[in-house]
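Me: I have a model open and want to talk it through. Can we start with how the chains meet?

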There are 6 protein chains.
Amino acid sequence: MMPGGELLYPSPQHQPATPPQQPHSTIITTATSELLEDETWVWSQIKAEARRDAESEPALASYLYSTILSHSSLERSLSFHLGNKLCSSTLLSTLLYDLFLNSFSTDPDLRSATVADLRAVRARDPACVSYSHCLLNYKGFLACQAHRIAHKLWIESRRPLALALHSRIADVFSVDIHPAAKIGKGILFDHATGVVVGETAVIGNNVSILHHVTLGGTGKSGGDRHPKISDGVLIGAGATILGNIKIGEGAKIGAGSVVLIDVPARTTAVGNPARLVGGKEKPSMHEDVPGESMDHTSFISEWSDYII
Amino acid sequence: MMPGGELLYPSPQHQPATPPQQPHSTIITTATSELLEDETWVWSQIKAEARRDAESEPALASYLYSTILSHSSLERSLSFHLGNKLCSSTLLSTLLYDLFLNSFSTDPDLRSATVADLRAVRARDPACVSYSHCLLNYKGFLACQAHRIAHKLWIESRRPLALALHSRIADVFSVDIHPAAKIGKGILFDHATGVVVGETAVIGNNVSILHHVTLGGTGKSGGDRHPKISDGVLIGAGATILGNIKIGEGAKIGAGSVVLIDVPARTTAVGNPARLVGGKEKPSMHEDVPGESMDHTSFISEWSDYII
Amino acid sequence: MMPGGELLYPSPQHQPATPPQQPHSTIITTATSELLEDETWVWSQIKAEARRDAESEPALASYLYSTILSHSSLERSLSFHLGNKLCSSTLLSTLLYDLFLNSFSTDPDLRSATVADLRAVRARDPACVSYSHCLLNYKGFLACQAHRIAHKLWIESRRPLALALHSRIADVFSVDIHPAAKIGKGILFDHATGVVVGETAVIGNNVSILHHVTLGGTGKSGGDRHPKISDGVLIGAGATILGNIKIGEGAKIGAGSVVLIDVPARTTAVGNPARLVGGKEKPSMHEDVPGESMDHTSFISEWSDYII
Amino acid sequence: MMPGGELLYPSPQHQPATPPQQPHSTIITTATSELLEDETWVWSQIKAEARRDAESEPALASYLYSTILSHSSLERSLSFHLGNKLCSSTLLSTLLYDLFLNSFSTDPDLRSATVADLRAVRARDPACVSYSHCLLNYKGFLACQAHRIAHKLWIESRRPLALALHSRIADVFSVDIHPAAKIGKGILFDHATGVVVGETAVIGNNVSILHHVTLGGTGKSGGDRHPKISDGVLIGAGATILGNIKIGEGAKIGAGSVVLIDVPARTTAVGNPARLVGGKEKPSMHEDVPGESMDHTSFISEWSDYII
Amino acid sequence: MMPGGELLYPSPQHQPATPPQQPHSTIITTATSELLEDETWVWSQIKAEARRDAESEPALASYLYSTILSHSSLERSLSFHLGNKLCSSTLLSTLLYDLFLNSFSTDPDLRSATVADLRAVRARDPACVSYSHCLLNYKGFLACQAHRIAHKLWIESRRPLALALHSRIADVFSVDIHPAAKIGKGILFDHATGVVVGETAVIGNNVSILHHVTLGGTGKSGGDRHPKISDGVLIGAGATILGNIKIGEGAKIGAGSVVLIDVPARTTAVGNPARLVGGKEKPSMHEDVPGESMDHTSFISEWSDYII
Amino acid sequence: MMPGGELLYPSPQHQPATPPQQPHSTIITTATSELLEDETWVWSQIKAEARRDAESEPALASYLYSTILSHSSLERSLSFHLGNKLCSSTLLSTLLYDLFLNSFSTDPDLRSATVADLRAVRARDPACVSYSHCLLNYKGFLACQAHRIAHKLWIESRRPLALALHSRIADVFSVDIHPAAKIGKGILFDHATGVVVGETAVIGNNVSILHHVTLGGTGKSGGDRHPKISDGVLIGAGATILGNIKIGEGAKIGAGSVVLIDVPARTTAVGNPARLVGGKEKPSMHEDVPGESMDHTSFISEWSDYII
């Protein structure tokens, strides 16, 4: 769990005189009862949105009823939608629906992660117009929810099923997250096509990852060989991060960067190979949590000194 | 047809005494009757190609009849093909077919854009052996045509349907173009996998964009935040262009570049971060229209001075 | 065919006094009878793995029986699996199954390539837990096998069918290999999403290629315009290699590199634009075959001198 | 067209003193403008019913929207529903939808027959709770509408397509009506399973036919060889009527009868072989129109004299 | 519930001196706990049969795992199988699966009826080789189980959904049972094609009904208008029973009969129109329960006196 | 095998002075080489018909290419067509196609039976306009060919698979033939809906059977309990034949008859219960082979003496 923001990002040089009054991520710190309340609230929002859309667009009403409005809970709606998206002629939708519904029903952590992700997408992506938009249409969101089921199967030692599900997610969404990879809550996989996350990778809470991002390994030997992404990190489009390295809390990785070494907290790495903005010895540090603020390009002014 | 480059892109050094009498993209300005003629001609070519292929390859004849030869017009063939490609168990092919056919039938601009794109692919991609090859098999072409329908829905305020269609295009073709993005005519999305085009992006006419190209935003605030790509631009594979910046007419973006600032007309930007070939102050300028000439690598000799 | 290792990688400076006792790639040098034996052995492994998994995971047993355990040979299993993965409403699974089975049955080279690829994936990817895992779930493996059929159709002048198959592979797996491209044996396409291989590209034996790799052309004129990848090469994630250039035997291309000129054998090229590690004049050379050793990052120590 | 009842069923012995004030079948005698009005009225009823049902039963709402509520007219709804019911892996729903919609749109007779059938089912079958119930669920109704399209194709000399459609109707609904058979309006095929109607059969207006009824031929020579069923006839379940014989207006055929000879108007034939109730010489005659009154069993009292 | 045999069939003339030691239908009289035990036992039999068949026939193993062996209970297996059989492009399998599973899970009566039917088919049909054979392949059995769900929906006033399900059963199995019809337990619908059971029909326990049997109404007025079939009745192939008449306990209806009046208990009615064997005044009575003994033709010797 | 005509129908009373010069069924008596020739000829006819139809009806061309014109032999075409007709979500088309093709390829008897049936339908049914019409559209023909595969599986002791196939045939075509039933060659199942043929039934050569015909058993004991239908028999629509009785060579069973006792050769049985035309003692005998002549109703004149 991600504690309050002031503990998360202790930035010695820029330590604010008083701790921030509002923690960065209230979702994650809320208690279970609040989460249930949250789940109910989000589901009621989704239903209301879908009802409004069904009324205004009869051509879509059938779709909205089958995916959302005919279901009694978010977990049923999501299980149905994922089952239909991920099924194939040899892995039937009913089997997947059953598997997903059973997982969501018995594991409140899965459900709270779903809610946190919905909130993250809605809050961070200005192109996301509603919760139902995210639930139905965001392949990164859907791939992440399906991955969580695959991960649950993996840690229950049901590996062949986890890998079969992994394969379907990679085929259908072009998102390739190894079922063993650990992923926190409040995640935004924006656009998501081409994301690759390796077996021993770890992704913290409130992380935002753009499309074509690779969290890759370094060779053919097994063991712990993939990146560890701390809370609040933002990784730009097309960034490639390789090896068992650590991307510190609240760090930012520029689009297209190739990162092969650790990146300290609250710093920005850009370029191929990636360098720290401000220099290796005394890198510039930022106050915000890029994984939430989604500020991709504030480093440009600094960086542009030595470009073009 | 687009005339020679020197008329199209008046580059300061070769500035003609009088401004060009003919706008950049004659395709767009041709009268309706010519477009209809063009449409008829392309469709007759496609039918002839399909007939020849069906005769030489019985195993494919059923496919060619169902997708092309049984249809009475290009718009019917394309609506059928897109409907079958983009349908799902919850968005039936008949619904999509109806939607597409209705859009193409009532909007001649959509049809002329389709014809211009078919011509662009055929002219610019040496691997494209026929118009029917493009119509049936080019995911970039198909994604672009479907996007145009989604865009039409978007500007008609049928946003939930536009977004549902957007989601299907992203799932099926791994091409993620926001329905609000404006795209001109004569477009080649070559290979296309992984292309991401954001909400406020604008793409001009006669542009060629390779796979994995991102026209992305800069953060979580809304508003105008994506690149503007002028006419005749060529964007190499894997290039990432971020923010509300302008890529000038006839500019060229090298493969793998990360572009964060404006690029002047007829110049080439390469690298991560991208620099102008020839230097910031007096960049080299080219005569041709890269979006049509598809010259990806002519800058190498210049660039290679400081590589390897 | 790839001869013994000592012939393959003649590295003048590091020439070993005695030829290596163990050739790099025993798979490729075995005779036909051995290959048949190999095929039988691999198939019996796959069956045993599937049987074990079916017993431990009843929810997956149906899938394992339909894809593997009900079949009498590897070629039937693979033809069935590919047929079901690649079919569409207009290209029926029975047609594809028939086409694939006929090709595999009559062409032992196709079968030996499949076996070599299975061994390559199993040996090089630590995340690959079994041969059946690769056969069922690796989109790169499946795309490559389907490409070999498309290539066979291409050289038999059945081009419309080859291109239709190419299109399905690109849609379903997001792997876009032109049917004319020549690919050797013992290939690992790891993760595979977004791989693009152009019409005149050639890939040797025992090559490993990560996701988002482009072997692209240089413009709109036809002819020989794509890279030639020699035996034993390793190409990191997101690398873009453009033009009719040669990547020498056992060379290594760093992740995210943009390569526009030849790379000598057993050297490493990194960066955008790519430079040789150790410098242009006297690049560092490695002993191993990166395509098999999968050592992505050993150059970092050297490289990191001038980064960050 | 079926004129007023008094002309239709001149029953000498029971001639009423005054002509009936209300004709039997107002639907058939209305003019075209009234039919259009009728169509509009029925469609508005169907929409209202579907809306009410969608509200009360969310699980069915998606179905009701896709089949009825998303459509702008009865002909679109019916074309969509039939296309989805009758399609197969080799006859795609979009092709059938297109064919059906085109037929209904261009042929008002087809549409008025549909409306007359809807009214007939609603009026005569006490188990029919609404028009939408008939439209969606009555296989006899659906088979009859699809037959009318097949018949239209037949008389346009598009016989292979007519026969392919015939085959799908026979497979899907177990209703086997030869496309050449002529069928009037206001028809109720109740339950419908197993109905067989031969090539040269003719069925008048306002006829009701129960399941397992055969209107069969007499051998292998071609020509006019099937029964002619006049207006207002009722044919009970399992009746077999063979040969080019005439069943007179308003006649009634008992369930399970085997009829090999003509049956006079307004008489009842029962048994195997069928005999006229009341005797061959002076059969009992009835006043009502059995095809509309649906009185199956009023003859029992008379008949039962010689049974059991 | 059907009490002991001696009470069920009080046949004054043939009253046995001592009551039968073994009741006719032990299934129905067992208590709830025994039924649960029964359910467990039948399910374990089905699993064992399927396991044996999967081992002996690899081509069928996938089917057997998906339909039976991957499920944890009879109700899950049956819900899955029915969902896949009855789904359509507009009524998805996941929706039906959910509906069926929910019904079976919450209603033990549905489950005990299923078990009683399985036992009935296995005991009475010599062509039924195993319980799994019945569960998977008997369309009469499957239609009956699906009808019970439709009936449950009907009495819960979810009529549109009940009728939609009714329609699917009629399309898929050619078995047309109105959702309002009441059906007991221990039912065998043998072959089943063409069975029609009307809205107000009632079928008791331990009844056997062959194919093409009609329990039909008598006209277009509503109300109670269909036959009432008592316990233990056997109805031969193609029999048509019309109107609100009573077929007494243990009665037998000959194949092809047309029955329009009541049939007393333990008597046999044959012919068109049906007569009682032995004559109206003093019909022959039988000792056995034809619905269980399945003796179709013992009356022939008697009957044949007046035939041929 | 059916020997020459003169031996087949030894009718003592009507023995012709000289044996018939032309045997009734030349198909069956031809040698194997002739059958192969026959197969080739029929297949070439089918291809020519399909080619003609594809040209005249573009909307059907895709269907004709996929089912007929893309195949290299009748057995491939038929296997493809049956595989697509009989597949389900749990029995995939590729599995069935493989099974069917393997059976037809290795068993010339199956193929010669198919050809004989095609000829029979074409010769006897005036509504059959071509061989391809029969191959594609006749559910009786298709059910019979699929039954032959099921029967082959049955006698090879692959009973679960035989029964699964039986179930699919019964669902899809409403034709229920037990896999153990033996069926000769040159069979016409006309219309076919509702046909039921029991486990121990035997059907000879050149038999014609109309729809709704039952060859049923007599109770719940196993053993030989179904009818034996000799060569050349014609069974009218809706006839029910029960028990281990013999229908003699060339006999005719009237529509709707219920037959419970043996019927001598070349006689006609009609009615419920069935009586011999001409009387039990000296029944009328006919010269022709009704199974081929298809004369359903010639007995009417005789019969009508005592009807109506």
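Predicted model: local features only at pLDDT ≥ 70, side-chain atom pairs only at ≥ 80, totals over all residues.

Me: Do they use the same surface or different surfaces?

Reply: Different surfaces. Of the contact residues of chain A, 12% recur in chain B.

Me: Now chain F and chain C. How many residues does the contact take from each?

Reply: Eight residues from chain F and eight residues from chain C. On the chain F side, helix H5 (74-86) and helix H6 (93-106) each supply at least two residues.

Me: What is the make-up of that side of chain F?

Reply: The side of chain F that touches chain C has three nonpolar residues, five polar and no charged.

Me: What turn relates this pair?

Reply: Chain F goes onto chain C by a turn of 180 degrees and a shift of 0.0 Å along the axis, with an RMSD of 0.1 Å. The two copies are thus related as by a two-fold rotation axis.

Me: Which C-alpha of chain F is nearest the axis?

Reply: That of F:Thr94. It is 2.6 Å from the axis.

Me: Same surface or different surfaces here?

Reply: The same surface serves both copies. 100% of the contact residues of chain F recur in chain C.

Me: Let's go inside one chain. What does the domain assignment give for chain A?

Reply: Domain 1 is 38-176 and domain 2 is 181-307. Their centres, taken over C-alpha atoms, are separated by 26 Å.

Me: How many residues of each domain are in contact?

Reply: 17 residues of domain 1 of chain A are in contact with 17 residues of domain 2 of chain A. On the domain 1 side, helix H7 (108-124) and helix H9 (139-155) of chain A each give two or more residues. H7(A) gives the most, with seven residues. That side of domain 1 has eight nonpolar, four polar and five charged residues.

Me: What does the secondary structure of chain A come to?

Reply: 12 helices and 15 strands. Buried residues make up 68% of the 308 residues in chain A.

Me: Back to H4, but in chain B. How far does helix H4 of chain B span?

Reply: H4(B), residues 58-69, spans only 14 Å between its end C-alpha atoms. A straight helix of 12 residues would span 16 Å at 1.5 Å a residue.

Me: Why is H4(B) called largely enclosed by the rest of the structure?

Reply: Because 11 of its 12 residues are buried. Among them are B:Tyr63, B:Leu64 and B:Tyr65.

Me: Switching to chain D. What is the strand order in the open sheet of four strands?

Reply: E2-E5-E8-E11, with parallel pairing. Strand E2 (182-183) and strand E11 (246-247) of chain D stand at the edges. Each has a single partner strand, so one side of each is left without a neighbour in the sheet.

Me: How many bridges pair E2(D) with E5(D)?

Reply: Two bridges, in the parallel sense; E5(D) is residues 202-203. D:Ile183 stands opposite D:Ile203 in E5(D).

Me: Last one, F:Leu142. Buried or exposed?

Reply: Buried. F:Leu142 has 27 C-beta neighbours inside 10 Å. F:Leu142 lies in helix H9 (residues 139-155) of chain F.

Me: What is F:Leu142 in contact with, leaving aside neighbours within four places in sequence?

Reply: F:Leu82, F:Lys85 and F:Phe173.

Definitions and conventions
Residues numbered from 1 in each chain as written. Chains lettered and ligands numbered in written order. Domains from an automatic or database assignment. Contact = placed C-beta atoms within 7 Å. Nonpolar A, V, L, I, M, F, W, Y, C, P; charged D, E, K, R; others polar. Expected span 1.5 Å × (residues − 1). Buried ≥ 20, exposed ≤ 12 C-beta atoms within 10 Å, placed from the backbone. Least-squares fit on C-alpha atoms with pLDDT ≥ 70 in both. Pairing = 2+ DSSP bridges.
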